[in-house]
Amino acid sequence: MSLARRIVAEGLGTLLLLAIVVGSGVMGARLAGGNDAIALLGNTISTGAGLVVLIHVFGPISGAHFNPAVTLVTVLRRERKAADALGYVAAQVIGAVLGVWLAHAMFAAPLLQVSTHARDGWSQSLAELVATFGLIGTILGLSKHRAEFTPVAVGLYITSAYWFTASTSFANPAVTLARGLTDTFAGIAPASIPLFIAGQLAGALLALAVFGWLLAEDPA
């Protein structure tokens, strides 16, 4: 598959992912009547189900990263060239922003927004470390023997992590940046973003080290 097609697939897949995350957040909040638990439940189910479908659709084309942390891990594992990865990350970030704007347009909300939803504190960063560690671990753990189950496993893991992490499991730097541009249920205030991304990158690197050791083959 040509690099151009892979980059477009990453951008389009990430766009659709953010439309799902933000759009389901808006719908959930509107229908929940102020009950955040119900709104989060709707947001969770939609995101987890959507991820399964998107990874199945775009996985054969680009690998369906939709996530700079995943792309970084593939570079460090020497599965992808750094130059190609830059194209992936650029497409992911652009696609994520466009996905937020698409969700706004679908719900007749102002296109340009900045979130006021503060998600501050080291506990939130720790939650993002845990969320991203688990996501990368899921991908690496299934890569050798159950690769065909990865789309379902990723969707199930994110569904679970929405509820067991204090941050509701962003686990994705591109998603985090884009969610700073929506003042809806799924938003995050720009001031909260650096700690989230720091936690995500730390979690990805920790998972790479831990699962790299766990999955290494013993010498003959």
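Me: Which residues form a nonpolar patch on the surface?
Reply: This is a predicted model. The patch has about 400 Å² of accessible area, taken together. Its members are Ile 38, Leu 41, Ile 45 and Trp 163.

Me: Is Ile 38 buried, partly exposed or exposed?
Reply: Its relative accessible area is 46%. Buried would need under 20%, and exposed over 50%. The value falls in between, so Ile 38 is partly exposed.

Me: Is Ala 85 buried or exposed?
Reply: Ala 85 sits in helix H4, residues 82–106. Its relative accessible area is 8%. The cut-off for burial is under 20%, so Ala 85 is buried.

Me: What separates the C-alpha atoms of Ala 85 and Ile 7?
Reply: Along the chain, Ala 85 and Ile 7 are 78 residues apart.

Me: At roughly what angle do the axes of helix H5 and helix H8 cross?
Reply: Helix H5 covers residues 122–143 and helix H8 residues 193–215. Their axes come within 7 Å. H5 passes H8 in a right-handed crossing. The angle is roughly 35 degrees.

Me: How many nonpolar residues does the contact of H5 with H8 have?
Reply: Sort the contact by class. Eight residues are polar and one is charged. The nonpolar residues number 15.

Terms used:
Residues are numbered from 1 along each chain as its sequence is written. This is a predicted model: local features need pLDDT of at least 70, side-chain atom pairs count only at pLDDT 80 or more; totals for chains, interfaces and linings use all residues. Side-chain values use heavy atoms; hydrogens and water are left out. Axes are lines fitted to C-alpha atoms, for helices over the stretch in contact, and angles run from 0 to 180 degrees between N-to-C directions. Helices (H or I, at least four residues) and strands (E, at least two) are DSSP runs, numbered from the N terminus. A crossing is left-handed if the near helix is turned anticlockwise from the far one by less than a right angle, and right-handed if clockwise. Ala, Val, Leu, Ile, Met, Phe, Trp, Tyr, Cys and Pro count as nonpolar, Asp, Glu, Lys and Arg as charged, and the others, Gly among them, as polar. Patches are made of residues with over 30% relative accessible area and no salt bridge: like charges are joined within 9 Å, nonpolar side chains (Val, Leu, Ile, Met, Phe, Trp, Tyr) within 5 Å. Accessible areas come from the Shrake-Rupley method with a 1.4 Å probe; for residues, only the protein chains shown count as cover. A salt bridge is a side-chain nitrogen of Lys or Arg within 4 Å of a carboxyl oxygen of Asp or Glu. Buried means under 20% relative accessible area, exposed over 50%, partly exposed in between (1.4 Å probe, protein chains only).
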